[in-house]
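User: I have a structure to go through. Could you take me through it step by step?

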Amino acid sequence: MKTLSSLQSESLMEELQTELNNIKGVTKVQPWNYVLAASISLSGNKNYPIAGLNGITEQDFHLLKEMDYNGPGTYKELLEKPGLIITNEYITNLRENPLSAGDIVDIVIYNGNGQRKEYKIPVIATIKFNPWRNKNRTKRLPISITGSSFMMPCEMLNKWTGLNTAYGYEITTEPGLTKDIGTILEETYGMEENLYISSKPELRAYYENEYFSQKIILYVLAAFLVIFGIINLINTIVTNLYSRKKELGILQAVGMTDLQLKTMFKMEILNYTGISAACTLILGSLLGYALVMAEIQLGTDMVYSFPWFPILLYILIMFFTQQYLAGYSIKLLHKENLVERMKDTE
């Protein structure tokens, strides 16, 4: 099996891109550029635990400018001289000792012939990755940005290394032909030891299986919180009932019936449960939607769907709990006669 640098130096990736573009039904072949580094370090400091450098396109650059970008104002300026765009957020060493524009980074790579190449590259721009502040919140950020600590324009990366730094291609197809083209790719390249083929449906199925156990844990946690909330609600209602025994006794003495008392309890409990349910539905739904949007920006292939079943189940539980508590409150009051309840309880 060939190394990544060997594949890049022998122009095999260029040949692959040409072949992919010639497949009928393929509308776009988007390369992802990357260089594997033997080491990346700042003079006087130990190496950073980073695999390499990602190449960005002009389109990627416009997204970077929405992330507290500090550096040259145009993509053309980035191409004028070698330089790195860095984010200090992903690596512990960088968070503790952040790099800034003007710092010189020592980078060691091995070319396709196994020759060691050492370079000193200046930092010319910095970003702070914060998906919550990205204006295009529904737009999936490309692989070249997500998880990247060291970046450089693709053209400059190719020129600097002398390689075609593409390490993979994202293929876009005509509607309805995705499955057929997937079959063609599998038949053509499936047995090639230097290539790996994946699709979004496969990745989605993989992640669903991978996160299934975590989903179960979250559902169990949610169930525990619901049960705890119901117990707390019961405790609040019962405590409130005992503290108002005298008041309720006086109301019954002047003619208030059990039905009217039960109706009053239902309205009071409805205030508790209604406010709680409203906060849960509104805030919970907004937070869930925001979480999915953030995952989409991070490159995860997710689709937001409103959790109708858990929500309906929650509402039903709260409704029957309310009915039960109203009846249970009447039973508690009947355990003492009216005269005893009208006595001073202080």
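Predicted model: local features only at pLDDT ≥ 70, side-chain atom pairs only at ≥ 80, totals over all residues.

User: How many helices and strands does the protein have?

Analyst: The protein has 13 helices and 8 strands. These are DSSP runs numbered from the N terminus: helices are H or I with at least four residues, and strands are E with at least two.

User: And what share of the residues is buried?

Analyst: Of the 346 residues, 35% count as buried. Buried means under 20% relative accessible area, exposed over 50%, and partly exposed in between (1.4 Å probe, protein chains only).

User: Which residues have the most contacts inside the largest nonpolar core?

Analyst: They are L53, L84, V105, I107, F150 and M152, in a core of 18 residues. A nonpolar core is a set of buried Ala, Val, Leu, Ile, Met, Phe, Trp, Tyr and Cys residues joined through side-chain atoms within 4.5 Å. Two or more residues each come from β4 (84-87), β5 (104-110), β6 (116-127), β7 (150-153) and α6 (154-161). A second, separate core of 14 residues includes I56, L64, I127 and I145.

User: What does L53 touch?

Analyst: Leaving aside residues up to four places away in sequence, L53 touches several residues, including Y34, I40, L84, F150 and W160. Contact means heavy atoms within 4.5 Å.

User: Turning to helix α2, which of its residues are buried?

Analyst: In α2 (residues 12-21), M13, L16 and L20 are buried. They lie on the same side of α2 because they cover an arc of only 55° around the axis. The arc is that of the directions from the helix axis to the C-beta atoms.

User: Which residues are buried in α10?

Analyst: K245, L248, G249 and Q252 are the buried residues of α10 (residues 245-253). Their arc is only 105°, which puts them on the same side of α10. Just after α10, G255 takes a positive phi of about 120°.

User: Where does L218 lie, and is it buried or exposed?

Analyst: L218 lies in helix α9 (residues 212-243) and is exposed, with a relative accessible area of 57%.

Notes
Residues numbered from 1 in each chain as written. Heavy atoms only, no water.
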